[in-house]
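Visitor: I am new to this structure. Could you show me how to read a few of its features?

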Amino acid sequence: DFTQLLKGKTKFAIFKLSDDKKSVIRDLPEDAENTENISAKPEGTSTYDYFVSRLPENEPRFAFYNYCITIEGGYGRADRDKVSFVSWCPEYSAIKGKMIHASTKSGLIKHLGENKIAKEFQAASEADITQDEIVEQFNAMGNVKVAGKIVAFEGEEI
């Protein structure tokens with residue numbers, strides 16, 4: 001799933017710890033072949049909103065999302081893909097689950113390649129990964145500041 005994400009063939013991938021807590025596995029919706037499972041996305045729901053809805057309220061997840069932002073500056077407008085890591089660890093998760101999640105996170109990022117991830121987000125609730133919050137954090141990145149300002153997020157003008 002991560003390789004497909006890097007190639008732009010999928011928008012997101014969600015992973016969780018296995019039941020025995022010894023490995024990281026894909027978190028798939030029932031009867032799905034991939035994490036994204038766009039066919040299960042409700043009509044009229046954006047891919048990003050569907051992604052956020054797939055993150056459980058009380059269990060940690062490791063997620064990757066290929067954000068599409070449009071930057072406008074001195075060189076005009078340009079679309080940029082930013083593959084980002086979302087460490088989803090809700091406030092009401094079990095303490096043991098939070099600890100295992102935290103200790104597994106850095107190893108997972110190193111295994112996949114830190115240089116392939118544009119930004120890392122820590123999220124304990126949906127408020128931490130709203131469009132406004134994501135755009136604000138991307139706008140604070142040096143390479144985005146130099147290029148201009150984000151004017152569109154996921155194809156929608158802001």
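This is a predicted model: local features need pLDDT of at least 70, side-chain atom pairs count only at pLDDT 80 or more; totals for chains, interfaces and linings use all residues.

Visitor: Let us begin with alanine 147. Is alanine 147 buried or exposed?

Guide: Buried means under 20% relative accessible area. Alanine 147 has a relative accessible area of 14%, so it is buried. Alanine 147 lies in helix α5, residues 142-147.

Visitor: Which residues does alanine 147 touch?

Guide: Leave aside residues up to four places away in sequence. Alanine 147 then touches Ile71, Glu72, Gly73, Gly74 and Arg80. Sequence distance and spatial distance are separate things to read. Alanine 147 and tyrosine 75 are 72 residues apart in sequence, yet 7.5 Å apart in space, C-alpha to C-alpha.

Visitor: Now helix α4. Which of its residues are buried?

Guide: In α4, residues 131-139, they are Ile134, Val135 and Phe138. Look down the helix axis: these buried residues fall within an arc of 95 degrees, so they line one face of α4. On the other side, Asp132 and Glu136 are exposed.

Visitor: What do the buried residues of α4 pack against?

Guide: Their partners are α2 (47-53), β3 (61-73), β4 (76-88), β5 (119-123), α5 and β6 (149-153). Note that α5 is the helix that holds alanine 147.

Visitor: On to charges. How many salt bridges are there in the whole structure?

Guide: A search finds six. One of them joins arginine 61 to aspartate 27, with the closest N and O atoms 2.7 Å apart. Arginine 61 lies in strand β3 and aspartate 27 in the loop between β2 (24-26) and α2, so the pair ties together parts 34 residues apart in sequence. Arginine 61 and aspartate 27 are both buried.

Visitor: Which residues are linked in a network of salt bridges?

Guide: Lys16, Asp27, Glu59 and Arg61 are.

Visitor: Where do lysine 105 and glutamate 120 lie?

Guide: They form a salt bridge, the closest N and O atoms being 3.0 Å apart. Lysine 105 is in helix α3 (residues 95-112) and glutamate 120 in strand β5, so the bridge ties together parts 15 residues apart in sequence. Lysine 105 is buried at 17% relative accessible area, whereas glutamate 120, at 33%, counts as partly exposed.

Visitor: And how far apart are the closest N and O atoms of glutamate 154 and lysine 11?

Guide: They are 3.1 Å apart, in another salt bridge. This pair links distant parts of the chain, 143 residues apart. Glutamate 154 sits in the loop between β6 and β7 (156-157), lysine 11 in the loop between α1 (2-6) and β1 (12-17). Glutamate 154 is partly exposed at 23%, and lysine 11 is partly exposed at 21%.

Notes:
Residues are numbered from 1 along each chain as its sequence is written. Side-chain values use heavy atoms; hydrogens and water are left out. Helices (H or I, at least four residues) and strands (E, at least two) are DSSP runs, numbered from the N terminus. Buried means under 20% relative accessible area, exposed over 50%, partly exposed in between (1.4 Å probe, protein chains only). Contact means heavy atoms within 4.5 Å. The arc is that of the directions from the helix axis to the C-beta atoms. A salt bridge is a side-chain nitrogen of Lys or Arg within 4 Å of a carboxyl oxygen of Asp or Glu.
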